[in-house]
Amino acid sequence: MKKNWFYSVLSVLFVTLMFTSCYRVTPDAGQEAVLVHKPYFFGKDGVDKNPVGTGSKWVWWSTDAIEVSMVPQKYDEKLEDVTSNDNTLLDFNTQIQLQVKSGDSPVLIQNYGENWYINVIQETYRNTVRSYISRYNPFDLMSNREVLDSINIMVKKDMESHIEKLSSARELPIEVINVIVGRAIPNGPQKEEMDRTAAATQ
């Protein structure tokens with residue numbers, strides 16, 4: 001009788017310990033959770049190679065869960081004072097759309113961290129867009145859709161090459177879905193000059 005009582009208490013304590021030492025990871029739709037193990041006493045630390053997709057999973061409190069969106073994500077980049085081929089300063093609202101490859105979110109976090117976009121994509125993207133804009137005149141950049149479409153295509157190819165180059169050293173499981181460079185917007189001083197010119201012409 002006493003022995004059964006002891007085992008009952010022990011079982012209750014064990015279950016209580018389990019529930020107070022763990023939490024449940026439940027990713028939202030369209031997301032994967034990457035588990036980063038940080039055991040207090042025993043076990044292997046580091047990124048778990050198997051992401052948590054649909055459903056849920058119980059993990060120790062010491063384990064971090066990083067949610068990664070698996071649907072295409074839009075990253076807006078406003079570029080100010082970009083120089084055209086005649087040194088006119090223009091502003092642009094641009095956007096790059098990226099998607100993490102399904103099932104590869106742990107590889108992404110392992111190789112490039114949670115802030116992978118800022119770490120290895122953002123600055124290269126901004127510089128690439130600036131480089132192509134500098135080849136064209138302000139009129140085309142403000143009104144020629146074919147020129148802007150060609151810039152979109154060239155920037156997309158260059159970003160795909162950039163990702164491929166990075167992947168040759170450490171895999172970067174990212175796909176470039178689209179690039180959108182909007183029409184040029186004259187900055188403050190440039191707009192004032194254009195308004196003065198238009199007024200003088202009239």
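Lys156 and Glu160 both belong to helix H5, and because they are 4 residues apart they are separated by about one helical turn. In this predicted model, the two residues form a salt bridge in which the closest N and O atoms are 2.7 Å apart. Lys156 is partly exposed, with a relative accessibility of 24%, and Glu160 is likewise partly exposed, with a relative accessible area of 33%.

Asp149 is partly exposed at a relative accessible area of 35%, and Arg145 is partly exposed at 31%. How many salt bridges does the structure hold? There are 4 in the structure, and one of them joins Lys78 to Glu80, where the closest N and O atoms are 3.9 Å apart. A salt bridge is counted here when a side-chain nitrogen of Lys or Arg lies within 4 Å of a carboxyl oxygen of Asp or Glu, so the distance of 3.9 Å between Lys78 and Glu80 falls within the cut-off. Lys78 is partly exposed, with a relative accessible area of 48%, and Glu80 counts as partly exposed at 46%.

| Salt bridge | Closest N and O atoms |
|---|---|
| Lys156 and Glu160 | 2.7 Å |
| Lys78 and Glu80 | 3.9 Å |

## The helix as a whole

Helix H5 covers residues 145-169, which makes 25 residues, and from its first C-alpha to its last it reaches 37 Å, close to the 36 Å expected at 1.5 Å a residue. The N-terminal end of H5 is capped by Asn144, which has a side-chain oxygen 3.0 Å from the backbone nitrogen of Glu146. Which residues of H5 are buried? They are Val147, Leu148, Ile151, Asn152, Val155, Met159, His162 and Ile163.

## Helix H2

Helix H2 is mostly covered, with 6 of its 8 residues buried, and the buried ones are Ser105, Pro106, Leu108, Ile109, Asn111 and Tyr112. Ser105 is found in H2, which spans residues 105-112, and Ser105 has a relative accessible area of 0%. A residue counts as buried when its relative accessible area is under 20%, so Ser105, at 0%, is buried. If residues up to four places away in sequence are left out, Ser105 touches Glu32, Val34, Pro51, Val68, Met70 and Val100.

Further along H2 comes Asn111, whose side chain reaches the backbone oxygen of Glu171 at 2.9 Å. With residues up to four places away in sequence again left out, Asn111 touches Arg170 and Glu171. After H2 comes Gly113, a residue with a positive phi, near 80 degrees.

Where does H2 lie? H2 lies across strands S2, S3 and S5, and it runs at about 50 degrees to S2. These 3 strands form an open sheet in the order S3-S2-S5, with antiparallel pairing. Its edge strands are S3 (46-47) and S5 (64-69), each of which pairs on one side only. In general, strands of a sheet pair through backbone hydrogen bonds, either parallel or antiparallel.

Strand S2 (residues 31-37) is joined to S3 by 2 bridges, and the two strands run antiparallel. S2 is joined to S5 by 6 bridges, again with an antiparallel run. Val36 stands opposite Val47 in S3, and Val36 also stands opposite Asp64 in S5. Strand S2 is mostly covered, with 5 of its 7 residues buried.

Definitions and conventions: Residues are numbered from 1 along each chain as its sequence is written. This is a predicted model: local features need pLDDT of at least 70, side-chain atom pairs count only at pLDDT 80 or more; totals for chains, interfaces and linings use all residues. Side-chain values use heavy atoms; hydrogens and water are left out. The expected span of a helix is 1.5 Å times one less than its number of residues. Buried means under 20% relative accessible area, exposed over 50%, partly exposed in between (1.4 Å probe, protein chains only). A polar contact is a pair of N or O atoms within 3.5 Å; within protein, one must be able to donate a hydrogen and the other to accept it, and residues adjacent in sequence count only if both atoms are side-chain atoms. Contact means heavy atoms within 4.5 Å. Two strands pair if DSSP finds at least two bridges between them. Axes are lines fitted to C-alpha atoms, for helices over the stretch in contact, and angles run from 0 to 180 degrees between N-to-C directions.
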